[in-house]
Amino acid sequence: MFIQRIVQAIAKRVPPHAKDRAEEALLGLRDFERLATPAQSALTIICDDGELKDLDVVEVLESRGVKGVFAVSPDLIGRPGFLSYEQLRSIRAAGHEIAFHGTTHDAFTSFANTRSLQEAVRDGMRRLHAEGLGAPSTLIYPFGRNSRSVRQAVSGSFDCAFTTWFGLNEKRCNRYAIRRIPFGAYTGKLPATESWYRGLIDRCAAGACWPALMLHPSGPGHDPSHDELLGRLIDHARERGLAVRSVTAHLAAATQAGQTGQAAGRVPG
Ligand SMILES: [Zn+2]
């Protein structure tokens, strides 16, 4: 197919995930992927992998009275350096959101077929539920990897999904490939300075913008100064009128405001 040849050609020239990103851009969003960003802007803070240093982030969030998202993989929970089920239950009991981050942390694009991916997801969700972590409605893709077929495969099991692809989610976004902004670790060539993050928040103050910070508190580059900076950015976001919310809380608030949800949140056309 001609469009596939274009996708392959672009993939050879640009950075990681390029083929999947080119495919999304060229083929466009399907109805189930269309999400109008809620009218009130919000900042969402997401910690990947469930390592012990997430507890430092919990402390920062609690000191500000706000809630974040903690994405976990059942195969990693309780391993050395990772949070236990008991610790995750208390994080959840404090009002933070537990998100699904794959059963084994293998990339969703690496499964042999849709059926094996869906079986792995069901297995992991069963394990989280059995351990008292509920039924997560938010998916955080391991390594950010997703594709057109992966998004279709997970859409029946989750309300939305986040990738590592960079972006602010202004006005509209792909409900199953919501963009994030790295913070602390994996910032690559981004400026990642305090003034840069403040500037991104300022840009969102006008509304209909949903910046989501991606944290790996145990990852390379994230040091204690980032926990302090996170606190200042939370303060700054609230001063500029952005709510600081988990994913479920933000989508629920938008639904209550009659602005989004299963039907109304879909962008026509
Ligand atoms: Zn991960």
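Trainee: Which residues does A99 touch, not counting residues up to four places away in sequence?
Mentor: This is a predicted model, in which local features need pLDDT of at least 70 and side-chain atom pairs count only at pLDDT 80 or more, while totals for chains, interfaces and linings use all residues. Residues are numbered from 1 along each chain as its sequence is written. Two residues are in contact if their C-beta atoms, placed from the backbone, lie within 7 Å. With residues up to four places away in sequence left out, A99 touches V69, F70, A71, P136, T138, L139 and I140.

Trainee: Is A99 buried or exposed?
Mentor: A99 lies in strand β4, residues 97-100; strands (E, at least two residues) and helices (H or I, at least four) are DSSP runs numbered from the N terminus. A residue is buried if 20 or more other C-beta atoms lie within 10 Å of its own, exposed if 12 or fewer, and partly exposed in between, with C-beta atoms placed from the backbone. A99 has 26 C-beta neighbours inside 10 Å and therefore counts as buried.

Trainee: How many other C-beta atoms lie within 10 Å of D49?
Mentor: D49 is found in the loop between β2 (42-48) and α3 (54-64). Although D49 is not a glycine, its phi is positive, about 85°. D49 is buried, because the number of other C-beta atoms within 10 Å is 23.

Trainee: What is the phi of N169?
Mentor: N169 sits in the loop between β6 (160-166) and β7 (172-174). It is buried, with 24 other C-beta atoms within 10 Å. N169 is a residue other than glycine, yet its phi is positive, near 60°.

Trainee: How far apart in space are V58 and F70, C-alpha to C-alpha?
Mentor: V58 belongs to helix α3 and is buried, with 21 other C-beta atoms within 10 Å. In sequence V58 and F70 are 12 residues apart, whereas their C-alpha separation in space is 9.4 Å.

Trainee: How are α3 and α8 oriented to each other?
Mentor: Axes are lines fitted to C-alpha atoms, for helices over the stretch in contact, and angles run from 0 to 180 degrees between N-to-C directions. Angles under 35 degrees count as roughly parallel, over 145 as roughly antiparallel, 65 to 115 as roughly perpendicular and the rest as oblique. The axes of α3 and α8 come within 10 Å and cross at roughly 30°. The orientation of α3 to α8 is therefore roughly parallel.

Trainee: What is the handedness of the crossing in which α7 passes α8?
Mentor: Helix α7 (residues 194-204) and helix α8 (residues 224-239) pack at an angle of about 25°, with their axes 10 Å apart. A crossing is left-handed if the near helix is turned anticlockwise from the far one by less than a right angle, and right-handed if clockwise. The crossing in which α7 passes α8 is right-handed.

Trainee: Which residues of α8 make the contact with α7?
Mentor: On the α7 side, the contact is made by E194, Y197, R198 and I201. On the α8 side, the residues are L229, L233, H236 and A237.
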